[in-house]
Amino acid sequence: MMPALDAPRRMPAEVDMTLLWSGLILLLIGMVMVYSASIAIAEVGRFTGNHPTYFLVRHGVFLAIGLVAAAFAFQVPLSTWQHLAPWLFVAGFVLLALVLIPGIGREVNGARRWLSLGIINLQPSELMKLFAVLYAADYTVRKMPHMHDLKKAFLPMAGAMVMVGIFLLKEPDFGAFVVIISIAIGILFLGGMRARLFAILIVVLVVAFAVLIIVSPYRRDRIFGFMDPWADAFGRGYQLSHALIAFGRGELLGVGLGASVEKLFYLPEAHTDFLLAVIAEELGFAGIVVVIVLFGLLIQRAFVIGRQAVALDRLYPALVAQGIGIWIGIQSFINMGVNMGLLPTKGLTLPLMSFGGSGILANCVALAILLRVDWENRQLMRGGKL
């Protein structure tokens, strides 16, 4: 039967609903699993006041702050973000420097990565990932006529990344350094860097990372612990061996929400870096597949939105959208690889899901900017003006 000619037409959505729901569901699952993974340690910790909901409440507050910040970020046009990009990058650089100053930066477990703001701590490296996306996209647009020139296009960006890397390695935060370098190089490649130059650059980076690992006993121990965690299951392989046990216990459908054994003081950082291992134990292979699919949808939509922006001759928004996709994709891949024993421990959280206020804030603002790119694309395709 043909529909009535006068039936009201369904108006297209203002934003990409697949992207929006993927992000929101990941945030919701993260909140549930952070509570499940942290309840035991919260009950016995002095600093938590023995409140089982300590981490849940804080994560909820971080999430509320992140969503409010995202709502404001969505109102900002991409042209404004482009204008602010160099200044935000400089601000992030200053924050990374402040972290290393005794009395200002806060040290936890031998790493100095936080600035104390009273009741909360700010982790500048998380914000720097967002600033790196915005700045690298702006830099690439400005250098577009010279993208085939190593001296004019690549070396200035390399100098900026080296300076950022020096501060990150001093903290130390090797994982954040890898993500930020991946963002910068990925955006330059998408912006038109020659394939030959890109290949040479990758080789140079691999050699540089190998040297950084070789000269650092701390990083060497992590590499060897990753290669055979069972050789020293109570030492350098302790964390990974218990993550693998969690995956093994989960099997197909998991042991049930809240029923994890590994989170009971066996698996360190269960609610932050190793949240995926708790998901694997409690929700099983099915739960892991759901998480991977949601991240896959989010990253795929980021690149589709970027391609739409290119078709509309909007290069900066396109590179920002795809840069966010690179960021979320690289960090989630590394975190999952670490949890599964495919990669050495990097100290990176699972985006949108792990406990951590700075990470949640940066991720929520990044998603809002991505949704803004999509919204602006749709306005232009409808014949509107920005």
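Colleague: Where is His 271 found?
Modeller: His 271 lies in the loop between helix H9 (238–250) and H10; helices (H or I, at least four residues) are DSSP runs numbered from the N terminus. This is a predicted model, in which local features need pLDDT of at least 70 and side-chain atom pairs count only at pLDDT 80 or more, while totals for chains, interfaces and linings use all residues. Residues are numbered from 1 along each chain as its sequence is written, and side-chain values use heavy atoms, without hydrogens and water.

Colleague: Does His 271 count as buried or exposed?
Modeller: His 271 counts as buried because its relative accessibility is 9%, and buried means under 20% relative accessible area (1.4 Å probe, protein chains only).

Colleague: And which residues is His 271 in contact with?
Modeller: Beyond its neighbours within four places in sequence, His 271 contacts Val 34, Ala 37, Ser 38, Phe 55, Ser 354 and Phe 355, where contact means heavy atoms within 4.5 Å.

Colleague: Changing topic, at what angle do H5 and H6 pack?
Modeller: Helix H5 (residues 150–170) and helix H6 (residues 174–190) pack at about 170°, and their axes are 9 Å apart. H5 and H6 are therefore roughly antiparallel, a label for angles over 145 degrees.

Colleague: Which residues of H5 and H6 make the contact?
Modeller: Among them are Phe 154, Met 157 and Met 161 of H5, together with Phe 174, Phe 177 and Ile 180 of H6.

Colleague: Which residues does Val 320 touch?
Modeller: Val 320 touches Leu 78, Val 133, Leu 134, Ala 137 and Ile 369, leaving out residues up to four places away in sequence.

Colleague: What pLDDT does the chain average?
Modeller: The average is 89, and 95% of the residues score at least 70; pLDDT is the predictor's confidence in each residue, from 0 to 100. Over residues 1–7, pLDDT stays under 50.

How values were computed:
Axes fitted to C-alpha atoms, helices over the stretch in contact; angles between N-to-C directions. Helix = DSSP H or I, 4+ residues; strand = E, 2+ residues; numbered from the N terminus. Parallel < 35°, antiparallel > 145°, perpendicular 65-115°, else oblique. Buried < 20%, exposed > 50% of the residue type's maximum accessible area, 1.4 Å probe, protein only.
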